[in-house]
Every structure is written in structure tokens, then in C-alpha cells.
Amino acid sequence: MPIRFDHPVWLSLLLLLGPVIAWGWRGLQGVDPWRGHAILALRCLVILLLTLMLAGMEMTRRQNALTVVAVVDRSESVRRFAQPPAHEAGTDASQDIESWTQQWIAEQARQRRPDDRLGMVTYDGRPTVRAMPSVDGLTDAVPISSPVEGTDTAGAIRMAMALFDAASARRMVLVTDGNTGSGESDLLAAAREAAAAGVLIDVLPLEYALTHEVMVDRLIAPVQLHQDQSAALRVVLRATAPADGTLHLRHDGKPLSLVPDSAGGMPVHVQDWTVESAATGLDPASASANASGGQYVLVRRFQVDMAESGPHRFEAFFEPAKVGDQMPANNRAEAMTRVQGKGRIVVVDGVGGESGQILPNLLRRRGMDVLVIDPADLPDHPAELVKDDAILFQNVPAEAVPPARQEMIRQYVNDLGGGFIMIGGPDSFGAGGWTGSPIDPILPVTCHVPSQRIAPLGALVLVIDRSGSMHATVGTGTVTQMQVANEAAVLAVSTLYPQDRFGVVGFDSKADWVIDLGTHADRANVFKTIRAINAAGGTNIYDGLNLAYEALAPLTERDAAVRHILLMTDGRTQGNTDFNELTQKIRARGITVSTVGIGNGVDTELLEKLAQRGGGTFHAVQDAALLPYIFVKEARTIRKHLIHEKPFVPRMGDVSPITTGLEDMPPLKGLVLTGRRPDARVSVPLEGLENEPVLAHWQVGVGRTAAFTSDATNRWAAAWIAWPGYTDLWTRLVRTVARPAATQEYEVHCVVRNGQLHVRLDTAATSRDATPAAVLATVLTPDGQIKHMNVRRIGPGVYAGDIPAEQEGSYMVNLALAGTDGRRQFVIGGATRTPGAELRDMRSNRQVLEQIAAVTGGRVLDPTQTRPDLLFERSDAIRPTLAIRPAWRVLLVLLLIALMLDIAIRRVAWDVLLQQWRMGMDRVKPVVQTVPRIPPAPTSPQPVAQPTESVVFKPVATAKPKPQRPAATPSGPTTSRLLDAKRRARQRMDESDQPDET
């Protein structure tokens with residue numbers, strides 16, 4: 001059994017054995033020889049054992065066991081295209097490739113030695129350990145998990161290597177088609193790692209070749225352009241045979257005309273295809289991993305003018321003329337381009353007419369790219385907002401912007417770094433119903449105004465029809481009209497202030513209070529009660545309206561400045577139909593009434609009269625899905641007292657570069673009352689006469705927002721339009737809030753690989769001050785969601801991060817860089833996960849599998865070559881391994897035994913005990929009684945008697961007298977007395993043996 005040492009330098013301690021032996025021999029002269037030798041030997045043994053432990057002694061042993069791990073590809077390409085060998089005996093034609101593979105592995109491993117072990121790893125985009133290596137084989141294999149897109153063969157090989165035990169020989173069986181998403185270079189690198197670790201990789205190719213297949217192989221677009229340049233696009237199509245069809249191209253979701261005077265795509269004919277060769281003009285460096293899979297290729301080039309800055313998405317789609325294309329999923333390809341240029345400012349105009357163009361025209365004169373749109377034209381996808389540097393809401397009410405788009409704007413500011421400005425007007429801020437909206441928290445002011453500023457507040461009663469007809473569903477969905485009405489009521493209540501009075505009346509054949517009129521602090525319980533309203537019974541509008549009037553009538557203007565009733569029904573009333581007297585009483589008390597009629601079965605004439613006589617508005621709604629907007633609009637009628645239309649001259653507040661140098665400000669004719677936000681980050685450069693905010697701005701997330709509570713038109717700011725400071729103030733404000741243009745100082749690299757989006761930012765700055773202090777990354781996914789990415793610093797000025805990229809399509813990366821000087825910078829990048837990436841290889845890649853076998857010394861297996869010991873066959877390449885085991889445990893046990901023996905020999909008189917035992921066995925007296933006391937030898941020479949017969953004398957050296965120890969007293973310990981007696985007896989015997997010198 002060979003021995004090795006981890007730290008052989010400690011063996012030099014064995015040199016101490018010489019001094020220890022010399023010193024020990026001298027110190028043990030007075031001890032019995034056998035005891036002295038034993039003590040000395042044990043001490044040397046202790047030193048030897050300690051030295052071996054410190055040197056890390058290890059024992060090696062030859063092992064003949066073999067561990068085999070099967071690595072099985074279950075990616076989508078294998079599941080769809082690979083088939084069990086039809087010519088193999090016993091193959092079931094209906095058997096899928098996964099079950100056949102597992103059965104084949106089990107059959108080829110049936111005959112193995114008792115100590116051989118078999119395990120299995122399956123993989124697609126993620127490797128999974130199905131069975132740990134064991135002598136039982138695959139009997140305990142875990143179930144297959146849900147598929148993950150991708151083919152991570154290199155990762156599966158590395159995971160399988162981690163399962164091997166160093167005490168056995170190692171073999172891996174790779175079952176795959178050879179196509180991998182990580183690239184051949186990474187796969188071969190993993191194979192070389194296995195070879196360096198002594199792992200042999202046998203490969204079992206799963207071969208296939210598709211026919212009648214056409215795909216869009218690549219859409220090639222420039223990574224970056226400048227504004228007003230043209231993007232040169234190339235679309236590469238591959239096919240196993242020429243095919244007819246039509247090629248379509250989309251830019252940011254909008255189709256492009258590829259043929260002059262035609263809005264359709266470009267026709268593709270059979271004669272347009274060419275055999276794949278260098279003549280196609282493709283860049284070899286951009287060829288796919290398995291370019292040999294396609295036999296025919298077609299390349300089309302296009303020029304697209306890029307007038308807008310920001311990221312742009314392109315999509316190419318091929319539509320075959322005939323049915324027969326096996327994989328439509330690979331008929332699409334996407335690409336991204338970043339366009340550098342001045343940013344765009346979007347003005348969402350709620351003013352209209354020439355008045356609404358006053359501010360946009362001013363900004364255009366200052367060189368800004370301004371786009372004016374209606375609230376209904378706001379984009380649905382956040383990717384459309386990424387191109388814009390700032391969004392301005394000019395007198396836009398909350399009901400004009402759906403909640404989903406409000407949340408999108410919040411994310412645009414907070415996560416993507418965009419700028420947002422809300423400009424006042426009669427339909428803005430709290431008066432516009434923005435209280436409690438997703439945009440309210442990002443404003444530098446609060447739409448909720450302290451009660452002492454606007455007392456008295458308002459009172460609102462919602463009168464909701466809950467008749468049986470409200471059970472009807474909305475459109476083709478499963479949501480009922482009642483459910484939509486309930487949610488609309490919840491949304492309306494959420495816009496009210498805590499001090500507002502509100503109540504909910506439900507009516508069918510009769511009316512009652514669902515929520516009593518009053519101020520309700522527990523909004524959560526109120527919402528729960530409203531959502532619990534059920535539909536049943538008839539329709540009695542009169543009782544519901546009268547119940548609301550009776551509750552509001554006792555309130556005076558001091559109790560509620562505005563009192564409003566909102567009536568909603570989907571049918572005709574029953575019972576009392578004389579509303580003249582009731583509406584007269586309602587108007588006499590200063591109460592207003594608005595009505596909402598849903599569908600075609602309502603009494604439109606009645607509802608119109610009620611609204612007209614009640615001083616409100618009638619809303620005819622054909623789609624119940626519009627109810628939330630109506631309810632919010634009507635709920636803000638009680639907020640009209642937030643509009644303060646009295647001339648005032650704004651006062652300077654906080655110091656800000658926006659208002660620096662502005663003098664002689666003319667008066668403003670009005671503003672919308674808002675509350676100050678209690679946050680130190682908020683700057684309020686302009687204030688009203690009672691310190692109410694007029695202009696405020698702050699940073700929220702990675703973006704900035706501002707609020708101007710007056711307007712920018714000729715209604716309240718007529719005197720400002722002619723004031724020289726008007727242009728400077730708005731120019732500074734917009735440029736301060738707007739997101740800076742994407743910097744070109746840094747480089748960002750984005751790539752999608754193995755289902756992960758990898759981002760690398762290189763800030764190779766020329767000075768230390770240019771290095772960002774922090775990097776915040778957000779990713780806009782293809783479905784419009786915004787996800788945060790954890791970016792870490794991996795080197796000087798280099799940052800990296802990754803995030804799962806499970807969806808097909810384009811991923812936009814927004815990196816916000818915060819400088820040490822407070823400066824904001826943005827870097828925009830992106831990458832595309834190609835649709836149908838797993839289905840773009842038209843045939844298996846046997847060549848790379850043969851390279852793996854050659855690199856590791858493995859075999860290329862044939863599925864028809866079956867043998868019960870095929871996987872566990874020993875060859876010259878499979879050599880016994882050496883099992884290395886540390887010896888410190890054994891050495892420690894021996895060390896403890898040696899120490900115990902050393903103590904026992906030095907402390908116990910074993911010879912005396914042995915003599916006592918023998919005498920006890922003979923039933924004699926103890927030794928201490930039979931040994932007589934011998935007096936000490938005389939110190940002077942004594943005369944020796946002459947012998948009577950002749951004796952031949954020989955000269956003998958006189959022995960040097962030995963020092964005598966005092967005799968033990970009788971009261972001493974028994975052992976000490978025995979030892980003294982023994983010593984004196986031995987001295988006497990020695991003296992008697994010496995001849996007389998005379």
C-alpha cells in the first residue's frame with residue numbers, strides 16, 4: 001500500500017530522534033534495562049506518530065470500480081426531430097425518443113460489477129440530476145421537470161463531472177444531437193475539462209435531417225446609428241429546398257412597405273434561391289453554429305430611414321406559399337438598433353385648439369423635438385416611451401388615461417429614468433381626479449390638500465342599479481356588469497379625500513344603504529363591502545334617488561361645499577315614475593345629479609331629463625368596461641373647489657437653477673390647490689400667496705418629475721406668455737426634468753445565451769471622476785414588463801449582470817449611471833432572443849460529437865451495437881484509480897495507545913507486581929518480609945582470610961563503590977521499601993562476585 005505525504009517538510013522533525021535517544025539513555029541508567037528500553041522506544045514512537053500526522057500521511061489503494069454518468073439531451077429539437085432507430089430489433093415504433101434513450105442506457109448497463117455505479121443527468125436549457133451514481137442504477141430516477149428552452153450541453157457535462165467520485169474510474173455517455181445553444185467552443189472547452197480530470201466521454205449521436213423546411217436564419221441590423229441615418233438591414237433565409245412565399249418586415253411593430261407602391265411584403269420565388277456558398281455574400285464570422293444545415297440560401301437587403309432617436313426593433317417574417325413547412329416557429333427573426341440623437345418631448349394635450357399649441361411651439365423654437373398627442377394616443381407598450389426624454393401632461397384628467405397606462409408612466413419615470421411634468425388646469429391634479437392614482441406618488445406635490453385649506457369638503461352618493469339584469473356579462477368575457485360597476489365604484493371612492501363624505505345606495509325593487517353617508521377611515525372594509533354587491537330583483541330608480549336626496553338634503557354648504565349624486569342603471573324604472581317634484585327638491589338644496597345608462601334597454605329620455613334638471617351630465621354607455629372612467633370623472637365633480645381662480649404673483653421659494661435670474665414676474669390668474677410633499681428632496685422654487693406650491697420638482701427613482709399648478713396657456717398665464725422669463729422658465733424646466741441623451745462614452749454589450757440575458761458595461765474612463773459611483777439596471781422584456789437587474793462590479797470600471805430571458809423577442813437594457821458629482825448618465829442597450837432558436841438547426845451535428853470523443857479518448861457509439869456490458873466495458877483507457885485516504889485517524893489512535901503505555905511503564909513497578917503475583921500463587925509471604933535488611937557496606941578495607949588451598953589469582957579491577965541511598969523508613973510506602981530492598985540485595989550480590997585482591 002503506497003504511502004504519500006501532503007506536507008513532507010514536517011518529516012525533518014525525525015532528526016530529533018537522535019538527541020531524544022541520547023538524552024533518554026543517560027537519564028534511564030538507574031532503571032531496569034528492559035524498562036528503560038521500553039520507555040525510550042515509546043518516546044520515539046510518540047515523536048514518529050506526531051511527525052507523520054503533521055506531514056499529512058496518506059495511504060493509497062488501487063480501485064477497480066467504474067462510475068458511468070449518462071448525460072441525455074431532452075431539448076426541443078431532440079424531442080421534435082430525433083426518432084428511435086427503426087431498424088433496431090425490438091424497437092417500438094410508437095416509442096418516443098426520451099423513453100427509448102432511458103431504456104437503451106438501462107439495457108447496456110445490465111451487466112456490471114457489484115461496486116460499479118450508474119447515474120444520469122438530463123438537460124435542455126438547464127441541466128438536472130435525474131439519478132445520483134449508485135449501484136442500483138436508474139431505479140431511483142426523479143421525474144422529469146417542465147422543459148426549459150435552450151440546450152446547455154456544456155453545463156450538463158460540468159454538472160455530471162461534479163457527480164463523480166475520485167475513488168473510481170470515470171466514464172460519461174453523452175446522448176445528444178450535437179446542437180447546442182452555448183456554441184461549439186464552450187462545448188469543446190467543457191470536453192477538455194473532462195479530459196483533464198480523467199473522464200472519458202462516449203457519445204451516442206441522435207441523428208436527423210429535416211426536409212421541406214424554410215426559416216429566417218438571421219435579421220442583421222446595425223448596432224448603433226445617428227439620427228436621420230438609414231439602417232441597412234439584411235434578412236437571411238435558409239431552406240432545404242427552394243420555396244415560394246412572402247417576406248414581411250416590421251419596424252417597432254408597424255409593417256414596412258418592401259415593394260414600391262405596395263403596402264404588402266416582398267414576394268419570394270423558387271428561382272430566387274441559390275445554393276449556399278461564398279457567393280451569397282454572407283459574413284463568415286456571422287454564420288450560425290451549424291451553417292451546413294441549410295442547402296439553399298436567400299439574402300434580401302433593405303434601407304430604413306431612422307428619424308427618431310432611441311432603441312428600435314425590427315422583425316422579419318416569412319410566410320410560405322404552400323403548406324408543408326415543419327416549424328413555423330423559426331420563420332421569424334428580430335434585431336435591435338440604437339439611434340443616437342436629440343431626445344423627443346411628448347406633450348399630451350388636454351387643452352386643445354390653438355391654446356394647447358402655445359407651449360409646444362415655444363419648445364420647438366428652442367430647438368426641441370416636440371410631439372403633441374391626445375391622451376387617447378398614449379402608447380400601450382413601454383418600449384414606445386423609451387424613445388422619449390420627457391412627457392408633459394397639459395390639463396389632462398385622470399379618466400382620460402387608463403390605469404394601465406398610468407402605471408406605465410410611473411415605471412417610465414421610476415425605472416427607465418424618463419422625465420414627467422404635470423401642468424395645471426381645471427382638469428389637472430386633484431381637480432382632475434389624480435388623487436390616489438399611480439401617478440400621484442411620483443409627483444413632487446400631493447393631490448391631497450390639507451382639510452384646513454379647502455374646508456368645507458364635498459359629499460358624493462353613488463346610486464347603483466343591482467337588478468337581475470346586471471348579471472349580464474361584459475362582451476364575450478366572464479365578468480358581469482355588476483362586477484364592473486362595483487370596481488368602478490371602488491375606483492371612484494379611492495379618489496376622494498379622507499375628509500370627504502360619501503355613501504353607496506343599492507337598488508333593485510327597493511333601495512337601501514350599502515355604505516352609509518359619512519367619512520370612512522377604513523377604506524379597505526368599504527371596498528370589500530362594495531365588491532360584495534349582488535345583482536337580483538327589479539329596477540326602482542325613484543327609491544334609490546330619493547334615499548340619496550334624503551341623506552344629502554340636511555347638509556349645508558359648511559358641511560359640504562359640493563354635494564353630488566351619481567345614478568347608474570341598465571333598465572327602465574318600476575313603481576313611481578313622477579320625478580318632477582323630486583328633482584325640484586334636489587336642485588333647491590344645491591345638489592347636482594349625473595346619470596349613467598348602460599346598454600340599449602335603459603330609459604334614455606328619463607335619464608337625460610334627470611341629468612338636465614339635476615345640473616349634471618348624462619352618460620350613455622354601450623360597453624360596461626367604460627364605467628370606471630365615468631365614475632372617476634363624476635367623482636371629481638366634488639373637487640371643483642380645488643380650483644383657485646384669483647390673480648396672484650408667485651413668490652420665490654427654494655433656490656433652483658430653473659428660476660435663477662427671473663425678475664418682474666407678472667400675475668397668474670389661477671392655479672389648482674395641491675399639498676406640499678413632506679420630503680427633503682423636493683424643491684419648491686415658486687410659491688403662492690399662502691405658501692401653496694406653484695412650481696416644484698424632485699428626483700424619483702432614476703427619473704425626475706415636476707409640477708406647475710397653474711397653466712401654460714392664455715387662460716391663467718396670459719400675462720406670462722408675453723413675459724421674457726416665460727420662455728426661459730419652461731426651457732430650463734423641461735431640460736432639467738428630461739432624461740439626458742444616451743451617452744457614447746461607455747460601451748454596453750448585451751447577449752442572450754442559454755436562456756439568460758448577459759449585460760456587460762465597460763466604463764473605460766480617462767479620469768477617475770468619470771467612473772460612475774453606482775449603476776442601476778432595468779430590463780424591458782418583450783411583453784412590456786420592467787425587471788430590475790443586479791449589476792455587480794467585476795473589475796476596474798467593468799460591471800456585469802444577468803437576468804433570465806425566458807421570452808422570445810427583444811430585451812431593452814437601460815443603465816442609469818450616477819456620477820460622483822451628481823450627474824446622471826444613461827446607457828441603452830439591447831439583445832434579442834431569436835424565436836424558435838431550438839429549431840433552427842436542420843440536421844444533427846455529428847462532427848462536434850466525434851471531436852468530443854477524440855478529445856477525451858471516448859467512443860462513438862452505435863445504437864445498433866447492443867451489449868449488456870457496453871457502458872461498463874473495461875478497455876485500456878479505463879485504468880484502475882488510486883483511492884487516497886488520510887491516515888491521521890489511525891495515527892491518532894496509535895498515538896493515544898503509545899502515550900498510555902509510556903505512562904503505565906514509567907509509573908507502575910511491573911516486576912514487583914509480577915513477583916507478588918507469583919508469590920501469591922505459591923501461597924508464601926510477601927517479598928517485603930523475606931528480604932532481610934542488609935547493612936551498608938563498610939567504607940574502610942577489611943582483612944581477607946587466607947585460603948587453605950592454593951588459588952590462582954588474576955588481577956581484577958577494583959569496582960568503584962556506588963553511591964548508596966538512605967534506607968526507607970518502616971513507615972514509608974510498601975513499594976518504596978520493596979525497591980530499596982531489591983536494590984540492596986543486588987548490590988550485595990555484585991560485591992560477593994568480586995574476588996579478593998589479596
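Is Cys-44 buried or exposed? Cys-44 counts as buried, with a relative accessibility of 16%, where buried means under 20% relative accessible area, exposed over 50% and partly exposed in between (1.4 Å probe, protein chains only). Welcome to a predicted model, in which local features need pLDDT of at least 70, side-chain atom pairs count only at pLDDT 80 or more, and totals for chains, interfaces and linings use all residues. Residues are numbered from 1 along each chain as its sequence is written, and side-chain values use heavy atoms, with hydrogens and water left out.

**Overall picture**

- The protein has 23 helices and 44 strands; helices (H or I, at least four residues) and strands (E, at least two) are DSSP runs, numbered from the N terminus.
- Of the 998 residues in the protein, 49% are buried.
- Among contacts with a separation of 6 or more, 75% join residues 24 or more positions apart, a contact being heavy atoms within 4.5 Å.

**Cysteines**

- Cys-447 is buried, and its relative accessible area is 0%.
- The count of disulfides comes to zero, taking a disulfide as a pair of cysteine sulfur atoms within 2.5 Å.

**Helix H7 and its partner H18**

- Helix H7 (residues 358-365) and helix H18 (residues 724-737) have axes that come within 10 Å and cross at roughly 80°. Axes here are lines fitted to C-alpha atoms, for helices over the stretch in contact, and angles run from 0 to 180 degrees between N-to-C directions.
- H7 is therefore roughly perpendicular to H18, since angles of 65 to 115 degrees count as roughly perpendicular, under 35 as roughly parallel, over 145 as roughly antiparallel and the rest as oblique.
- On the H7 side, Ile-358, Leu-359, Leu-362 and Leu-363 meet Tyr-726, Thr-727, Trp-730, Thr-731 and Val-734 of H18.
- The residues of this contact divide into seven nonpolar, two polar and no charged. In this scheme Ala, Val, Leu, Ile, Met, Phe, Trp, Tyr, Cys and Pro count as nonpolar, Asp, Glu, Lys and Arg as charged, and the others, Gly among them, as polar.
- The buried residues of H7 are Ile-358, Leu-359, Pro-360, Leu-362 and Leu-363. Their cover includes strand E18 (344-349), strand E19 (369-373), strand E20 (388-394), strand E21 (419-423), helix H17 (718-721) and H18.
- Just after H7, Gly-367 adopts a positive phi of about 85°.

**Helix H16**

- Helix H16 (residues 627-635) is largely enclosed by the rest of the structure, because seven of its nine residues are buried.
- Those buried in H16 are Leu-627, Pro-628, Ile-630, Phe-631, Val-632, Glu-634 and Ala-635.
- Elements covering the buried residues of H16 include E23, H11, strand E26 (562-569), strand E27 (591-598) and strand E28 (615-621).

**Polar side chains worth a look**

- Ser-467 sits in the loop between strand E23 (458-465) and helix H11 (481-494), and it counts as buried at 1% relative accessibility.
- The side chain of Ser-467 makes a polar contact with that of Thr-539 (3.4 Å). A polar contact is a pair of N or O atoms within 3.5 Å; within protein, one must be able to donate a hydrogen and the other to accept it, and residues adjacent in sequence count only if both atoms are side-chain atoms.
- Leaving aside neighbours within four places in sequence, the contacts of Ser-467 include Phe-507, Asp-508, Ala-535 and Asp-570.
- Thr-832 belongs to strand E43 (residues 824-833) and is buried, at 19% relative accessible area.
- The side chains of Thr-832 and Ser-810 make a polar contact (3.3 Å). Beyond four places in sequence, Thr-832 is also in contact with residues including Glu-334, Met-336 and Val-752.
- Glu-308 lies in the loop between strand E15 (296-305) and strand E16 (310-320), where it is partly exposed, with a relative accessible area of 33%.
- The side chain of Glu-308 makes a polar contact with the side chain of Arg-344 (3.1 Å), while the C-alpha atoms of Glu-308 and Lys-342, 34 residues apart along the chain, are separated by 8.6 Å.

- Asp-252, a residue other than glycine, has a positive phi near 55°. Asp-252 lies in the loop between strand E11 (245-251) and strand E12 (254-255) and is buried, with a relative accessible area of 10%.
- Phe-429 also has a positive phi, near 55°. Phe-429 is placed in the loop between E21 and strand E22 (445-446) and is buried, with a relative accessible area of 0%.
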